[in-house]
Amino acid sequence: MSTTITLRRPESEDGRAVFTLIMECPPLDINSVYCNLLQCSHFRDTSVIACDEEGAAGFISGYIIPTQPDTLFVWQVAVSERARGQGLARRMLDEILQRAQCKDVRHVETTITDDNEASWALFQSLARDYSAPLQRSLMFDKQTHFADRHDSEFLARIGPLQFAQEQKQPA
């Protein structure tokens, strides 16, 4: 089990390691290496990589929605098997929310399949700790959007986030 995990902004050189990490975290959708390179470069300020002595232990990709500058969309959360059970996903989310690039963020959105209990638990804990409601609605339908090749994705919208003493910290 890993002992020291550091969190930092990803760099383009991390793209390949992120690709490998996501491949090792089923049922996450696997993107192209090129997509992961873009996540690690274009979206680095709203993404985070967690590293230990073995390499990439976790990764969250996210971005500020262009038409909603107060909303961080969390694209994907990956935690390696060796780093699970340590609250790493939550630490990574908090790391992103505390960055200057997220100073105007008051809502967090993500999509989650109905059966992904770990992701629902993660985002429910975020809502609870930031004293914010979590609204759930269908975003991408299994038949309409995925031609029955992927489960429906439900939008989880959390907010407005309540920050302690106007700082980027959970309440």
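H3 passes H4 in a right-handed crossing, that is, the near helix is turned clockwise from the far one by less than a right angle. This is a predicted model, in which local features need pLDDT of at least 70 and side-chain atom pairs count only at pLDDT 80 or more, while totals for chains, interfaces and linings use all residues. Residues are numbered from 1 along each chain, and side-chain values use heavy atoms, without hydrogens and water.

The axes of H3 (residues 88-97) and H4 (residues 117-129) come within 10 Å and cross at roughly 50 degrees. That makes H3 oblique to H4, since angles under 35 degrees count as roughly parallel, over 145 as roughly antiparallel, 65 to 115 as roughly perpendicular and the rest as oblique. In contact, meaning heavy atoms within 4.5 Å, Ala89, Arg90, Leu93, Asp94 and Leu97 of H3 meet Leu122, Phe123, Ser125, Leu126 and Asp129 of H4. These residues divide into 6 nonpolar, 1 polar and 3 charged.

Where do we find the centre of the largest pocket? Leu28, Asp29, Thr111, His150 and Glu153 lie nearest to it, among 21 lining residues, and a pocket here is an open set of points on a 1 Å grid where a 1.4 Å probe fits, with protein on both sides within 12 Å along at least five of seven lines, lining residues having an atom within 4 Å of a point. Strand S4 (68-79), strand S5 (107-113) and H4 each give two or more residues to that lining.

Definitions and conventions:
Axes fitted to C-alpha atoms, helices over the stretch in contact; angles between N-to-C directions. Helix = DSSP H or I, 4+ residues; strand = E, 2+ residues; numbered from the N terminus. Nonpolar A, V, L, I, M, F, W, Y, C, P; charged D, E, K, R; others polar.
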